[in-house]
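Here is a short briefing on charged pairs and a nonpolar core. Look over the sequence and the model, then work through the points below.

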Amino acid sequence: MLKNKIFPLFVLLSFIIGFIFSEDTLGGGKNDYLYHEKYFVNFYNDFFTTLKNYGMDQANENVRNSPFFYIIFSLFLKMGFGIDGLKFINLIIIIPIIIFFNKCLNIKYKKISSSTKFYMLSLLLLSPTIRTLLIWPYPILWALCFFIVAVYFYLSFEETSNNTKKIQFAFYNVIFLALASYFTPNFAVFSLYFFYKYYLNFGNSKKTLSIILLNIFLALPAIYFLILKDFYLLNSDIYKVDPLTKYNLSNKIVIITTILFLFYLPLIPKLKDLKSILIKANYLDWKFFVTLLFIAINIYFYNFLESAGGGIFFHLSNILLNNSLIVYLIFAVSILLFYSLNLYNFNNILILFLLVLYNLQYSMYYKYFDPLVIFLILFLIKFSNNNLIKIELVAKKYVILYILFLSLNFAKAYIDY
């Protein structure tokens, strides 16, 4: 048991050292924090004027975050905390993330060993996104916290057969997902996924109607704010691109799929088993030809530009080849691999669709998806019976992936791209 605890302690020590030296493995965490730091003070000094003007001056503001995070943190300033003190308050958010991630693991993987849990929980402090945003406060980390709490209540909903508890867990899920959405509005799209699941369970009943009404009630202030000043999704001009590029869904489908592929790597079967799966796959089925057509259409219309993220494979392709060939290759391999592994079902296609809606803005950075995609893969993605997640086998692979991922994020500070 002691040996199993050494690695998490080492990871914790590495984060403490990172905190002392103001680590920024994302590369833009510090700049984002310093740019938005003024809103803590502005809401503290003049709440109503700041809220009225928030995000309206596009030429000077360039703000796409919900004001909720800055309003909450400005309250700590009113309590007497200084700006630097907010960073220490921000550290608290890792505690509920760890607790509810652990609870989700216990529900989903009932026979998970303690050593496996130690490895899985270590991923949270190996994540470049979590490490950076714990040090440089940013709303998406708090949104992730409430999202994993929402996932826990959904898993609890699935676990229980008691109808009274089911509706209670559904309500808790809706409330915590709403809180996640107040910190980062993108998370609101996942309400469609959970509602679909609740509808399958409750059908056309009063329970379903009550869930709809609760969602509407919680969403009204956010809807009003977004309608009043839509600087967040559709009207943001942070990146000056033509409309056909800005709203090109193929860009999102291709880039998001390559990001999914990265986080799916630890789940790919051994070479021997993979060969067997590929041989047995049906390549004469109409679904396969639709898959090929889907690949071709999205590659044809893809025109994602630099300076707006894109992820590892996008930058690797541009660094090595000065084109998007590697992106095309990874995208095609990903789609065909997922087809061969029988991952295309309504549940998973819905999640992919929601990930596209989740990232409606033009820019696509890993901080939007890390560790969100891990949560989705572990707890919400549906696998075929012969392709279930063997958590004991993949835990160490995920640790290796995240160590490499974190190392690349450290190294990119010294790479000119």
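The structure holds 4 salt bridges. Keep in mind that this is a predicted model. Side chains of opposite charge can pair when their charged atoms come close.

**Lysine 367 and aspartate 32**
- The side chains of lysine 367 and aspartate 32 form a salt bridge, at 2.8 Å from N to O.
- Lysine 367 sits in the loop between helix H19 (346-358) and helix H20 (372-379), while aspartate 32 belongs to helix H2 (residues 29-45), so the pair ties together parts that are 335 residues apart in sequence.
- Is lysine 367 buried or exposed? Lysine 367 counts as buried because its relative accessibility is 10%, and buried means under 20%.
- Aspartate 32 is partly exposed, with a relative accessible area of 25%.

**Glutamate 159 and lysine 110**
- Glutamate 159 pairs with lysine 110 in a salt bridge, and their closest N and O atoms are 2.7 Å apart.
- This pair links distant parts of the chain, 49 residues apart. Glutamate 159 is in helix H9 (residues 139-159). Lysine 110 is in the loop between helix H6 (94-108) and helix H7 (114-126).
- Glutamate 159 counts as partly exposed at 45% relative accessibility.
- Lysine 110 is exposed, because its relative accessible area is 53% and exposed means over 50%.

**Lysine 382 and glutamate 158**
- Which residue forms a salt bridge with lysine 382? The partner is glutamate 158, and the closest N and O atoms are 3.6 Å apart.
- Lysine 382 lies in the loop between H20 and helix H21 (391-411), and glutamate 158 lies in helix H9. The pair links distant parts of the chain, 224 residues apart.
- Lysine 382 is partly exposed, with a relative accessible area of 27%.
- Glutamate 158 is also partly exposed. Its relative accessible area is 35%.

**The nonpolar core**
- The largest nonpolar core has 133 residues. Which of them touch the most other members? They are Phe147, Phe190 and Phe379.
- Helix H9 gives the most to this core, with 17 residues.
- Phenylalanine 379 has a list of contacts beyond its neighbours within four places in sequence. Among them are Phe101, Cys104, Leu105, Lys108 and Tyr109. The list also includes Ile148, Val151 and Leu155.

Note on methods
Residues are numbered from 1 along each chain as its sequence is written. This is a predicted model: local features need pLDDT of at least 70, side-chain atom pairs count only at pLDDT 80 or more; totals for chains, interfaces and linings use all residues. Side-chain values use heavy atoms; hydrogens and water are left out. Helices (H or I, at least four residues) and strands (E, at least two) are DSSP runs, numbered from the N terminus. Buried means under 20% relative accessible area, exposed over 50%, partly exposed in between (1.4 Å probe, protein chains only). A nonpolar core is a set of buried Ala, Val, Leu, Ile, Met, Phe, Trp, Tyr and Cys residues joined through side-chain atoms within 4.5 Å. Contact means heavy atoms within 4.5 Å.
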